[in-house]
Amino acid sequence: MIFQLVKKQLLLLWRNPVQIFLLLGLPIILILILSFALAGFMESGSPKLELKVAWLEHEDEADQVERFINEMEAIGAPAEAFGDSEDLHMITMLREDIFQGEDLQEMIELEVIQEDEKADVLADDSFSGLIEVPENFTYDMLQAISGQDTAKPDLTLHVNQEDGIYSSVLSQILEQFDENLTTQAFLQQNDLDVDMNEMQAASNVGEQTQIEQLDPISSRDYYTVAMAVFTGLYVASTIGFFATRERQDQVFDRIIVGDMPRWMYFFSILISGMIIAFIQLLIIFGFSYVVFQVTFQDVLAFLLTTFSYAVAVGGITVLLTAISYRFKSDAIVGFFSGVVTSILAFIGGSFFPIGELSEMIQRIGNMTPNGSGLSAYIQLLRGSGIEEISNYLIYMIGFGALMIIVAAISFPKRGSTR
């Protein structure tokens, strides 16, 4: 008999194209509008720095290193005491290992130029800066490190004044390089046997752990989920309106007169709300999969999340029905549809990722069924599994169970006038 009652609710919805549009057409339209309109805001992220830097070297470094090694050997102090021969090519390391290294190669475009091109580069606004290595720089630096000469040479940095942030990045890189050379010279002059790499590693206090990076989500991903959970709340008010109309048309009274337990009607409303919400979510996500390629890698976790949210919606549906039957008015259903759903959508993050403003707001948002469902779906889209979203699933099912209990208490008994 419950099957017949559920079938009746589904047929009522099927024969009401306006409600079908509100439950299916409206969220699809909102997804299309919001995902395109707010794509720039959602996906802008941190600005990507792209620097074009010129590199001018006035003297070949290899010749300077060779000259230094020969002088050290001539006075009986082999250059090996200062490290491997490759380690003496400090300008080469700065150019190839730092500016053209793995960390900066996507950010910095380094162009090696000749001296006769300097004026043109300084006049070219496309360059963020020019690094000029003076003559004898490496030789003088090695002399300073070895204690032969206390005067430490300097690199010359020409920056484009219009690119403030870019010139700051270049300055910080060269300052860090200069600090390392100064420290190395101090250690050599004072006969301190300290490895620079070990010293830098020791400065990193605490345990280092590898953090697993989750996949980023696009505006289409976000608003697919946001609109799905938001419009899922309208399932409750839709079934609630159908139920109150049946009370006004005395359909419910005829069911009771036919000696059908009121609990059977109660559970038919609950099951109808769950089924419609579940199907609605599947259709919306199916549309987004075909059009926007919004994909959930863990299908089982996706289905469990959808079922959990359907339970929460079913609980709200039966509660609205019970209260409207108790007070013999559909005002509560209209209030929920017009006011409460908008409040829940705002707090839960369906209109805007409000949870990013503060952790407290995010916690409050997750206390709403749609906010908890939104967080669970987003976590799945970013590559999480069932374990990571289990708290959201438990909350949605618990929320639905609580609504069912309150509805059971509120549902009018046979022969009750209130």
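These are my notebook entries on a predicted model of a protein chain.

**Entry 1: overview**

I started with the inventory. The protein chain has 17 helices and four strands. I then checked burial, and buried residues make up 42% of the 418 residues. For contacts in the chain with a separation of 6 or more, I find that 80% come from residues 24 or more positions apart.

**Entry 2: the sheet**

What is the strand order in the open sheet? I read it as β2-β1-β3-β4, four strands with mixed pairing. Which strands stand at the edges? Those are β2 (108-113) and β4 (156-159); each has a single partner strand, so one side of each lacks a neighbour in the sheet. I also noted the twist, which averages 20 degrees from one strand to the next.

**Entry 3: β3 and its partners**

Next I looked at β3 (129-133). On one side I followed its pairing with β1 (residues 51-57): the two run parallel and are joined by five bridges. Within that pairing, W55 has I131 of β3 as its bridge partner.

Then I turned to β4, which runs antiparallel to β3 and is joined to it by four bridges. Here G129 stands opposite V159 of β4, and E132 has T156 of β4 as its bridge partner.

Is β3 mostly covered or mostly open? It is mostly covered, with five of its five residues buried. I sorted them by direction: G129, I131 and V133 point one way, while L130 and E132 point the other way. Both groups are buried, and I wrote down that E132 is among the buried residues.

**Entry 4: α1 against α12**

I moved on to a helix pair. Two packed helices are described by the angle between their axes and the distance between those axes. For helix α1 (residues 2-14) and helix α12 (residues 262-292), the axes come within 9 Å and cross at roughly 50 degrees. The two helices are therefore oblique to each other. I logged the crossing of α1 past α12 as right-handed.

Which residues make the contact? From α1 I listed I2, L5, V6, Q9, L10 and L13. From α12 I listed M264, Y265, F267, S268, I269, I271, S272, I275 and I276. By class, the residues of this contact are twelve nonpolar, three polar and no charged.

**Entry 5: Q280**

I stayed on α12 for one more residue, Q280. Is Q280 buried or exposed? Its relative accessibility is 2%, under the 20% cut-off, so Q280 counts as buried. What does Q280 touch, leaving out residues up to four places away in sequence? I get L23, L24, A228, T231, G232 and V235.

**Entry 6: positive phi**

Last, I went through backbone torsions and stopped at two residues. N136 has a phi near 65 degrees, a positive value in a residue other than glycine. I find N136 in the loop between β3 and α7 (137-146). At 25% relative accessibility, N136 counts as partly exposed.

Q293 also shows a positive phi in a residue other than glycine, near 60 degrees. Where does Q293 sit? I place Q293 in the loop between α12 and α13 (299-327). Its relative accessibility is 53%, over the 50% cut-off, so Q293 counts as exposed.

How values were computed
Residues are numbered from 1 along each chain as its sequence is written. This is a predicted model: local features need pLDDT of at least 70, side-chain atom pairs count only at pLDDT 80 or more; totals for chains, interfaces and linings use all residues. Side-chain values use heavy atoms; hydrogens and water are left out. Axes are lines fitted to C-alpha atoms, for helices over the stretch in contact, and angles run from 0 to 180 degrees between N-to-C directions. Angles under 35 degrees count as roughly parallel, over 145 as roughly antiparallel, 65 to 115 as roughly perpendicular and the rest as oblique. A crossing is left-handed if the near helix is turned anticlockwise from the far one by less than a right angle, and right-handed if clockwise. Contact means heavy atoms within 4.5 Å. Ala, Val, Leu, Ile, Met, Phe, Trp, Tyr, Cys and Pro count as nonpolar, Asp, Glu, Lys and Arg as charged, and the others, Gly among them, as polar. Buried means under 20% relative accessible area, exposed over 50%, partly exposed in between (1.4 Å probe, protein chains only). Two strands pair if DSSP finds at least two bridges between them.
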